[in-house]
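Please look over the sequence and model below. The notes that follow take up the sheet and then single residues.

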Amino acid sequence: MSDTAILEIVELADGEVVLRPSDSDGDPLVSIRFSEEALDLLRQSRFEVARQMIDHAITRTRLWEGSEEEAPEAPETVH
């Protein structure tokens, strides 16, 4: 049996986009909920925007590397 987790990004019925293990319907690892105003602005691209946000979080952090090292104290702000 492999120690590798297979993750999936799913849009739930209520519009929330979550990252979760593909073999589980339990609590998500990451969830993104857009405000009504943001949904109006994003329209059909909301899932793509959420996917990019999750991808950025994974590639810019050590969340899944198993490192004990702490994250930087001051988070970056993207505009």
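Contact here means heavy atoms within 4.5 Å. By that rule, and leaving aside neighbours within four places in sequence, Arg20 is in contact with Ile6, Leu7, Glu8, Val10, Leu12, Asp25, Pro28 and Leu29. This is a predicted model, in which local features need pLDDT of at least 70, side-chain atom pairs count only at pLDDT 80 or more, and totals for chains, interfaces and linings use all residues. Residues are numbered from 1 along each chain as its sequence is written, and side-chain values use heavy atoms, with hydrogens and water left out.

**Sheet**

- Three strands form an open sheet in the order β1-β2-β3, with antiparallel pairing. Because β1 (7–11) and β3 are the edge strands, each with a single partner strand, one side of each has no neighbour in the sheet.
- On average, neighbouring strands are turned by 20 degrees against each other, direction ignored. Axes are lines fitted to C-alpha atoms, for helices over the stretch in contact, and angles run from 0 to 180 degrees between N-to-C directions.
- The antiparallel strands β1 and β2 are joined by five bridges. Two strands pair if DSSP finds at least two bridges between them.
- Leu7 has Pro21 in β2 as its bridge partner.
- Helix α2 packs on the sheet and touches β1, β2 and β3. The direction of α2 makes about 150 degrees with that of β1.
- Helices (H or I, at least four residues) and strands (E, at least two) are DSSP runs, numbered from the N terminus.

**Buried residues**

- Arg20 sits in strand β2 (residues 17–21). Arg20 counts as buried because its relative accessibility is 15%. Buried means under 20% relative accessible area, exposed over 50%, partly exposed in between (1.4 Å probe, protein chains only).
- Phe34 is placed in the loop between β3 (30–32) and α1 (36–42). Phe34 has 15% relative accessibility, so it counts as buried.
- Leaving aside neighbours within four places in sequence, Phe34 is in contact with Leu39, Leu42, Arg46, Val49, Ala50 and Met53.
- Phe34 and Val17 lie 17 residues apart in sequence. Their C-alpha to C-alpha distance is 8.9 Å.

**An exposed loop residue**

- Arg43 is in the loop between α1 and α2 (46–60).
- Is Arg43 buried or exposed? Arg43 is exposed, because its relative accessible area is 60%.
- Although Arg43 is not a glycine, its phi is positive, at about 50 degrees.
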